[in-house]
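Please view the sequence and the structure before reading on.

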Amino acid sequence: MTGRLRPPEDPGGEEERLRAAMPPGEPGPTRDLPAGAPGARPPAAPSPAPPGAAPPPAPRPVLRPPRLPRWSLAALLTGSLAVGTAAGLICRLSSHLQWGLIAAAVFVAATFGLTARVEGRRRAADRLAALLVWACFAVAVLPLAALVGETVARGAPGVDGYFLTHSMNGVLSWQHGGGVYHALLGTLEQVLLASLLALPVGLLTAVYLVEYGRGRLAAVVTFFVDVMAGIPSIVAGLFVLSLWITILDLGYSGLAGSLALALLMTPIVVRSTEEMLRLVPNELREAALALGVPKWRTTLRVVLPTCAGGIATGVMLALARIAGETAPILLLVFGTNMINRDPFHGAQSSLPLYVYEQWSFGTEPAYERAWAAALVLIALVMLLNLLARALARWKGPRPGP
Amino acid sequence: MNATTQRHPGGASRRAARLGDRIFAGLAKGSGITLLLTMAAVAVFLTVRATLALREDEGNFLTTFEWRTGGEDPEFGIAVLLFGTAASSLIAMLLAVPVAVGIALFLTHYAPRRLAAPIAWLVDLLAAVPSIVYGLWGALYLVPRLTGCYEWLDGAFGWTGVLSYAGAPARSLMTVGILLAVMILPIVTSVTREVFRQTPRATQEAALALGATRWEVVRMTVLPFGRSGIVSASMLGLGRALGETMAVATVLSPSFLIHASLLDSGGGTFAQNIASQFKEADTAGRDALIASGLVLFLLTLLVNGAARLIIARRREYAGAAL
C-alpha cells in the first residue's frame with residue numbers, strides 16, 4: 001500500500017513514532033525492528049521538525065505501528081534487576097525486599113518510558129496497566145502462599161498417629177507430646193449437631209421461599225436471611241450465651257456451641273439451596289402437576305432430587321465454613337483437655353479452639369501443637385471443600401442444550 | 001397408561017394429597033417463621049442484656065476510655081473499640097480492594113485462559129481457610145517480619161505522627177489491618193470477578209472495534225459496568241473485617257488507649273475485646289460485653305444492608321439492560 005499518512009510538515013508525534021522504528025534507507029516492508037538493533041535508528045534520534053525547517057523526505061508508509069520487540073521486556077527486567085542489586089549493594093540496604101522494590105520501580109518506570117517513546121502514550125498506559133494487574137496478582141499470591149506454606153512446613157512434623165489419637169489430658173503446656181483427638185471429636189460432634197439443627201430449617205425455608213413464597217412474609221424472610229448471613233460469629237455466640245447460659249443456666253456444652261454454629265449455618269444453607277431450586281426448570285414442576293401429582297410430592301420427588309447435587313455442594317461449603325469457627329466455641333464450649341464424648345453435658349474442645357489455646361500458652365511445644373492442629377483443621381476444611389466441588393462437578397446442574 | 005394405577009382427581013387420594021400439601025406447606029412456612037423468630041430473639045435478648053449493663057454503667061458508654069466492669073461502680077465505654085474496629089477495617093479495605101480489583105481483572109481479562117480457571121478456584125478455596133489459622137500465621141509469622149518494615153516507615157514517614165514506631169513487637173492496629181486485608185482478599189476478589197465477568201461482550205467488542213487498547217477497554221467498559229459491584233464487594237469485605245475475632249485477638253496486644261500512631265501496639269476491636277475479656281467476666285461484665293456486641297451487630301447490619309441494597313439495585317439494572 002502506498003500513500004502518506006501525514007504531510008511531512010506536521011510536527012505531530014504519530015509520524016515521528018512511525019519513523020522512529022523505520023530505517024530511512026531500508027527497502028521492503030517495515031516490521032517490528034528492535035529499537036537498539038543494528039540498522040534501526042535509535043528511538044531518541046529524531047526530533048520534531050521545526051515548522052520552518054526544510055521538510056525531510058517523505059516517510060515510507062507502514063501498515064503496523066512500531067512495537068517493542070518481545071525480548072525488550074526481558075532485557076528491561078534483567079537491567080532493572082541489575083540496577084536494584086547495584087543500588088542495594090551501594091547503599092548497603094540490608095533487606096532484599098528493598099532491592100526487589102527498587103528493581104520493580106525501575107522496571108515499571110523504564111517500561112513506561114520506553115513504550116511511550118516508541119509505541120505512544122496509549123500503548124504505554126496499556127502496558128503499565130497490564131504490569132500493575134500482574135503485580136496485584138503477585139502481591140496477593142505472596143501472603144497466601146506464605147500462609148499455606150508456613151502451616152504445612154511447621155505443622156507437618158507434628159501430625160502423626162499419636163497426635164491424632166491422644167488428648168491433652170495431663171500434658172503441661174511446656175511438655176512435648178499430647179494430641180488433638182478430643183478436639184477433633186468435639187469438632188465433628190458439634191458440626192454434626194449444628195447441621196442436624198440447621199439443615200431441616202434451612203432446606204424447608206428455601207423450599208418455602210421458592211415454591212410457596214408469595215407476598216410480604218417471603219420478602220421479610222428473604223431480608224432476614226440476608227441479615228442473618230451478616231451476623232458476626234461472636235455475636236451469634238453472645239446471643240446463645242445470654243439465652244442458654246445466663247438465663248436458662250444450662251452450662252457449657254457442645255450443644256450450646258452447636259446452637260450458635262447452626263445460627264451461622266442456616267442462612268448459608270438457605271441461600272445456596274434457594275439458588276439451586278431456582279435453577280430447576282418450571283417445565284418439570286408443570287409436568288408433574290399436570291399428571292396429578294400433589295405439590296408436596298412434586299417438590300419432594302421431582303424438584304429436590306433434580307438439584308440434590310447442588311444442594312449437597314452448598315451444605316458441604318456451609319459445613320466447611322462452620323468447622324473453622326472459633327469465637328462462638330470459645331464462648332460456649334469453653335474447652336477442656338480431656339476427652340468428652342458427650343456433647344450434651346460438660347465442656348468439650350474443638351480444633352479451632354485447640355489452636356487458640358495452644359497459641360496462648362506461648363511455649364515452643366505448644367506452638368508446635370498449634371501449627372499441627374491448624375494443619376489438621378485446614379486439611380479437614382479443604383477436604384470438605386474438595387468434596388463439595390467434586391460433587392458439584394459430578395451432580396451439579398449443567399447448562400441445558 | 002393403566003387405568004387402575006391412575007390417580008383420580010377426587011376421593012380419598014385427593015384428600016390425602018390435600019392434607020399432605022397442607023402439612024408440607026405448613027412445615028415450609030413454619031421454618032421460615034422459625035427463622036424470623038430466631039432473629040427477633042437475637043435482637044431482643046441482646047438488647048435486654050445490653051440495657052441492663054448500660055443502666056449500671058457509671059461512665060459514658062460512647063466516650064469512656066476504660067473497660068472496668070467488676071466491682072462497685074463499673075465504668076466502661078466503646079470509644080477505643082470503635083476507633084480500633086474502624087481503623088483496622090479501613091486499613092484492610094484500603095489495602096485489599098485495589099489489589100482485589102486487580103486480581104479480578106487479571107482473572108477475567110489478563111491471565112492466560114489456562115491459568116485463570118485454576119487460580120480462580122484456588123482463590124475460592126483460600127476463602128475457606130479458618131480465621132484462627134490466619135490468626136496463628138499473623139501472630140507467629142507476620143508480626144516478626146513486619147518490624148523491619150515499620151522501622152523503615154518510621155524513618156521515612158515518622159514525622160506524620162500517624163506512622164511513627166516505638167520499636168515494640170508489631171502487634172498494632174496496622175498489623176491487624178494488613179492481616180484483615182489478606183483475609184478479605186478472596187471474598188472481595190470472587191464477588192468482583194463475578195461482576196466483571198458479566199460485562200456485556202458487545203460493549204467490550206465495540207470498544208475494541210474503535211481501536212481501544214486492552215486497558216482502554218477495561219477503563220471504558222468493564223470498570224464503569226462493575227463500579228457498583230466493586231462497591232458492594234468491598235462492603236461485604238468490610239462486614240467480614242468488622243466482625244473478625246480470632247485473627248485480631250491473636251495479633252493485637254490490647255490496651256484501652258488510642259495511640260496517635262497506627263504502628264504502635266495497643267488499641268482494641270469489638271470482637272477482640274469480647275473474646276479476650278469473656279473468661280474473666282462475671283454476669284455484669286458479660287452484659288457489658290453484650291452491649292458492645294450489640295453495637296458491632298448494628299454496625300455490620302448497616303454495612304451489609306448497604307451492600308445488599310446496592311447489589312439488588314444493580315441486579316434490577318442488569319436485568320433491564322441485558
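The model is predicted: local features need pLDDT of at least 70, side-chain atom pairs count only at pLDDT 80 or more, and totals for chains, interfaces and linings use all residues. Residues are numbered from 1 along each chain as its sequence is written, and side-chain values use heavy atoms, without hydrogens and water.

For chain B, an unreviewed UniProt entry lists transmembrane regions, including residues 76-107 and 163-188; such annotations may be inferred rather than shown by experiment.

How many residues of chain A are in contact with chain B? Counting heavy atoms within 4.5 Å as contact, 83 residues of chain A touch 77 residues of chain B. The size of an interface is often given as the accessible area lost when the parts come together. Here the buried area (accessible area lost, 1.4 Å probe, summed over both parts) is about 7300 Å², and carbon and sulfur atoms give 80% of that area.

Between chain A and chain B the count is one salt bridge, defined as a side-chain nitrogen of Lys or Arg within 4 Å of a carboxyl oxygen of Asp or Glu. In this salt bridge, the side chain of A:Arg122 meets that of B:Glu216 at 2.8 Å, N to O.

Definitions and conventions: Chains lettered and ligands numbered in written order. Buried area = accessible area lost by both parts, 1.4 Å probe.
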